[in-house]
Amino acid sequence: VYEMEEGAFFGEDYHTHFDAKNYLKRFADTNVPYKVAPLKPLHDFYQSHYGSTLSRLKILDIGCGPVIAYIITAASYATEIVLSEYTASSRREITQWIHKDPSAHDWTPYFKYIVKDIEGKSDEEVALRQEKVRNAIKSVVASDFFKDPMMSPEYMVADYDIVQAMLCLEQSSGSKEDYVSTLKKMQALVKPGGKFLLYSQQKDELPSMATYHVTGTPFYFLRVSKEFVEKSLLLVGYSSVQAIPVDVPPCECKDGLCSFTLFIASKD
């Protein structure tokens with residue numbers, strides 16, 4: 001349930017109050033609609049833009065949390081993926097999966113959903129894709145949207161073919177000004193001719209902040225509209241923006257319905 005709540009956490013609180021392993025319980029299977037729903041549009045994007053060529057993309061997934069689900073398709077087209085995340089606990093979960101630690105989260109249901117259900121491939125291909133993703137991830141690095149630079153300087157270069165941010169900007173922005181500022185920093189990392197993928201949650205904008213919960217712990221997120229996101233993407237320098245509605249059943253919002261959109265922004 002998304003609603004405003006006193007005493008919710010934000011910003012640096014994530015270091016002490018965000019439990020990555022508990023958060024991953026939402027990814028125990030593929031029955032959480034808003035987690036699974038963008039996987040098909042992401043597949044369609046990569047297939048339509050890069051499926052006819054032997055692609056060698058460099059991809060940055062920024063604010064990725066402890067989640068690798070949103071790069072499963074991307075790995076088929078990439079030679080290098082950089083995962084960037086604020087909390088050490090989330091980076092640790094990803095690293096454990098890469099190194100096949102017995103305590104790592106099991107992403108097999110998501111690999112099966114993408115490789116078998118969406119792509120129509122075999123169980124053998126499911127196993128091969130897991131290794132392809134592991135091999136494609138070259139770095140797991142720290143990021144902080146409120147710092148400048150927000151990552152180590154060696155990663156702050158405008159040579160990424162794709163930069164993607166999946167359900168993280170609303171959670172990390174304390175105001176609309178913060179939101180636009182972070183978008184501008186991300187835009188600077190996209191190479192000319194590249195794309196920015198933003199999976200975003202929209203909600204009535206009054207009041208400006210609401211909360212979401214991770215196993216009972218409340219965290220703030222910024223309410224934004226589809227129109228605000230589109231205008232902001234153009235404002236920070238993208239030449240065009242495509243908004244793809246993501247088919248998710250309405251959230252159980254106490255004070256208004258939530259919707260989800262995958263934005264594809266192009267940089268000249």
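Is lysine 121 buried, partly exposed or exposed? I got a relative accessibility of 38% for lysine 121, which counts as partly exposed. My cut-offs are under 20% relative accessible area for buried, over 50% for exposed and partly exposed in between, with a 1.4 Å probe and protein chains only.

A note on what I am working with: this is a predicted model, where local features need pLDDT of at least 70 and side-chain atom pairs count only at pLDDT 80 or more, while totals for chains, interfaces and linings use all residues. Residues are numbered from 1 along each chain as its sequence is written, and side-chain values use heavy atoms, with hydrogens and water left out.

**Entry: overview.** I found ten helices and nine strands in the chain; these are DSSP runs numbered from the N terminus, with helices (H or I) of at least four residues and strands (E) of at least two. The chain has 268 residues, and 55% of them are buried. I then looked at contacts (heavy atoms within 4.5 Å). Of those between residues at least 6 apart in sequence, 73% join residues at least 24 apart. The accessible surface comes to about 11700 Å², with 51% of it belonging to carbon and sulfur atoms; I used the Shrake-Rupley method with a 1.4 Å probe, and for residues only the protein chains shown count as cover.

**Entry: salt bridges.** How many salt bridges does the structure hold? I have ten on my list, each a side-chain nitrogen of Lys or Arg within 4 Å of a carboxyl oxygen of Asp or Glu. Side chains of opposite charge can pair when their charged atoms come close.

- Glutamate 131 pairs with lysine 100 at 3.2 Å, N to O. Glutamate 131 sits in helix H7 (residues 123-136) and lysine 100 in the loop between helices H5 (88-98) and H6 (108-118), so this bridge ties together parts 31 residues apart in sequence. Glutamate 131 is partly exposed at 30%.
- Lysine 121, my opening residue, pairs with glutamate 119 at 3.4 Å, N to O.
- Glutamate 230 pairs with lysine 226 at 3.4 Å, N to O. The two are four residues apart in helix H10 (residues 226-235), so about one helical turn separates them. I have both as partly exposed, glutamate 230 at 22% and lysine 226 at 32%.

I also noted that salt bridges with shared partners join Lys100, Glu131 and Arg134 into one network.

**Entry: H4 against H6.** At what angle do these helices pack? Helix H4 (residues 39-50) packs on H6 at about 55°, with the axes 11 Å apart. Leu39, Lys40 and His43 in H4 meet Tyr110, Tyr113, Ile114 and Ile118 in H6.

**Entry: two buried residues.** Threonine 182 is in helix H9 (residues 176-187) and is buried at 5%. Leaving out residues up to four places away in sequence, threonine 182 touches Phe145 and Leu169.

Tyrosine 199 is in strand E5 (residues 190-203) and is buried at 0%. Tyrosine 199 and threonine 261 are 62 residues apart in sequence, yet 5.9 Å apart in space, C-alpha to C-alpha.

How values were computed
Axes fitted to C-alpha atoms, helices over the stretch in contact; angles between N-to-C directions.
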